[in-house]
Amino acid sequence: MAETKEISDFDELRKLRLADEGYLVITDTARPAIVHRVNARCITADSFNLKVVINGRKQGSYFWAESVATASHAFGAKRCKVCKPELFLVPPSTFDS
Ligand SMILES: [Zn+2]
């Protein structure tokens, strides 16, 4: 099952990074969404704080996605050129049980 969730506060972001699973998607009303590694250095507390807390997610938001493929399907996200998340092309049926 394809899964994504919006990250609404810094504590949630911190927990996801500690878990080190999945990917982060940053959406922006002015640019295409970008998918990053969950622990990428291009994700900073300052930019999260600005977008989510200060701007109140009006110009975009942060989401967690279980895979790059999910991020691509759900947000049309492009892979970050800085942290280069891997592209795992696994058929969704692999996870059916
Ligand atoms: Zn990145």
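Val 25 touches Ala 33, Val 35, Phe 63, Ala 65, Ala 71, Phe 75 and Ala 77, leaving aside residues up to four places away in sequence; two residues are in contact when their C-beta atoms, placed from the backbone, lie within 7 Å. Please keep in mind that this is a predicted model, in which local features need pLDDT of at least 70 and side-chain atom pairs count only at pLDDT 80 or more, while totals for chains, interfaces and linings use all residues. Residues are numbered from 1 along each chain as its sequence is written. Here is a tour that starts from the whole chain and then moves to its parts.

**The overall layout**

- The protein chain has 3 helices and 5 strands, where helices (H or I, at least four residues) and strands (E, at least two) are DSSP runs numbered from the N terminus.
- Along the sequence these elements follow the pattern β-α-β-β-α-β-α-β.
- Of the 97 residues in the protein chain, 25% are buried; buried means 20 or more other C-beta atoms within 10 Å of a residue's own, exposed means 12 or fewer, partly exposed is in between, and the C-beta atoms are placed from the backbone.
- Among contacts in the protein chain with a separation of 6 or more, 63% link residues 24 or more positions apart.

- The 5 strands form an open sheet in the order 1-4-2-3-5, with mixed pairing; two strands pair if DSSP finds at least two bridges between them.
- Strand 1 (4-6) and strand 5 (78-79) are at the edges with a single partner strand each, so one side of each has no neighbour in the sheet.
- Strand 2 (residues 23-28) and strand 3 (residues 31-37) run antiparallel and are joined by 5 bridges.
- Strand 3 and strand 5, by contrast, run parallel and share 2 bridges, with Arg 79 in strand 5 as the bridge partner of Val 35.

**The buried interior**

- Strand 2 has 5 of its 6 residues buried, so the rest of the structure largely encloses it.
- The largest nonpolar core has 16 residues, and those that touch the most other members are Tyr 23, Val 25, Val 35, Tyr 62, Ala 65 and Ala 71; such a core is a set of buried Ala, Val, Leu, Ile, Met, Phe, Trp, Tyr and Cys residues joined through C-beta atoms within 7 Å.
- The elements giving two or more residues to this core are strand 2, strand 3, strand 4 and helix 3.

**The helices**

- Helix 3 (residues 68-75) has Val 68, Thr 70 and Ala 71 as its buried residues.
- Viewed down the axis of helix 3, these buried residues fall within an arc of 160°, so they line one face of the helix; the arc is that of the directions from the helix axis to the C-beta atoms.
- The cover over the buried residues of helix 3 includes strand 1, strand 2, strand 3, strand 4 (62-65) and strand 5.
- Just after helix 3 comes Gly 76, with a positive phi of about 65°.
- Helix 2 (residues 45-54) has 1 of its 10 residues buried, so it lies largely in the open.
- Gly 56 follows helix 2 and also has a positive phi, near 60°.

**Residues outside the helices and strands**

- Asp 9 sits in the loop between strand 1 and helix 1 (10-19) and is exposed, with 12 other C-beta atoms within 10 Å.
- Asp 9 and Tyr 62 are 53 residues apart in sequence, and their C-alpha atoms are 9.5 Å apart in space.
- Asp 20 is not a glycine, but it has a positive phi of about 55°.
- The loop between helix 1 and strand 2 holds Asp 20, which is exposed, with 9 other C-beta atoms within 10 Å.
- Lys 84 likewise is not a glycine and has a positive phi, of about 45°.
- Lys 84 belongs to the segment after strand 5 and counts as exposed, with 11 C-beta neighbours inside 10 Å.
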